[in-house]
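Thanks for coming. Please look at the sequence and the model on the screen, and I will go through a few places in it.

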Amino acid sequence: MRRMRRGCWVPDLIETDRLILRKPRPSDHAALFAMWADPVMMADLGPVKDDAASIATLARHDGYRHEGLGFLTVERKSDWAVLGFCGLKRGDPPHPIAGEIEAGWQIAQPFWRQGYALEAMRAVFDWGWASFDMPRIVAITAERNLASQGMMTRLGMTRQADGDFEHHAFAPGDPLRQIVTYSINRP
């Protein structure tokens, strides 16, 4: 993996003991689109995505790449299975974290509870700290998404008392509208 002082590139790959994190390619679409179409997977994240919404998600992350950000495909080394999608991006307006470096991850349901998300995100954090000059990394999730909040805690993140907000993409009354913010300061 190449090193840099300021973000202007996306790594060719980030490697861990079990995983390769790399820019998505068309051969990943079937696995990623199936993950985003899974109602169990998306229950605490948002509506399931059809192919057009999945393509839009990939395009949105391509839009972050000019500054070295954007989520990466999570691939298992042992069999090259595509497990999910994770990485760093800019927090989107109009949220309170707009412009900050935001972490996120999605691992397909068959691969849950095997430590893949934690392994991938620890590597992403290490890469992010080495590549960017930012005071902290933030992550957001629905208040009801206790699994993601547990993951944030395992990553060393803490809930921000002043970080709760309503997500504009969800209708009033939708339980996913209530968002909590976690952060971790630069080590």
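Start at Ser 183, which sits in strand 9, residues 178-185. This is a predicted model, so please take each value as computed from it. Is Ser 183 buried or exposed? Its relative accessibility is 5%, and because buried means under 20%, Ser 183 counts as buried.

What does the side chain of Ser 183 pair with? It makes a polar contact with the side chain of Gln 160, at 2.9 Å. Gln 160 is also among the residues that Ser 183 touches once those up to four places away in sequence are set aside.

Next, Leu 32. Leu 32 belongs to helix 1, residues 29-36. With a relative accessibility of 0%, Leu 32 counts as buried too. Which residues does Leu 32 contact, leaving aside neighbours within four places in sequence? They are Leu 58, Thr 73, Val 82, Gly 84 and Phe 85. For a distance across the chain, take Leu 32 and Ser 54: they are 22 residues apart in sequence, and their C-alpha atoms are 7.9 Å apart in space.

Phe 85 comes up again when we turn to the rings. Ring pairs link Phe 85 with Phe 33, Trp 36 and Phe 71 into a cluster. How many aromatic pairs does the count come to? The count is four. A pair of rings is described by how far apart the centres are and by the angle of the planes. Trp 127 and Phe 132 are both buried.

The largest pocket has a volume of about 1400 Å³. It is lined by 49 residues, and the closest to its centre are Leu 45, Trp 105, Gln 106, Asn 145 and Ser 148. Which elements give two or more residues to that lining? Four are helices: helix 2 (39-42), helix 3 (51-62), helix 4 (116-131) and helix 5 (146-154). The strands are strand 4 (82-90), strand 5 (101-107) and strand 6 (136-142). By residue type, the lining of the largest pocket divides into 28 nonpolar, 13 polar and eight charged.

That is where I will stop.

Methods
Residues numbered from 1 in each chain as written. Predicted model: local features only at pLDDT ≥ 70, side-chain atom pairs only at ≥ 80, totals over all residues. Heavy atoms only, no water. 1 Å grid on protein atoms, 1.4 Å probe; cavity = no way out; pocket = protein on both sides within 12 Å on 5 of 7 lines; lining within 4 Å. Points joined across faces, edges and corners; volume = space filled by probe spheres on them. Nonpolar A, V, L, I, M, F, W, Y, C, P; charged D, E, K, R; others polar. Phe/Tyr/Trp six-rings, centres within 6.5 Å; stacked < 30°, edge-to-face > 60°. Buried < 20%, exposed > 50% of the residue type's maximum accessible area, 1.4 Å probe, protein only. Polar contact = N/O pair within 3.5 Å; in protein donor to acceptor, adjacent residues only side chain to side chain. Contact = heavy atoms within 4.5 Å.
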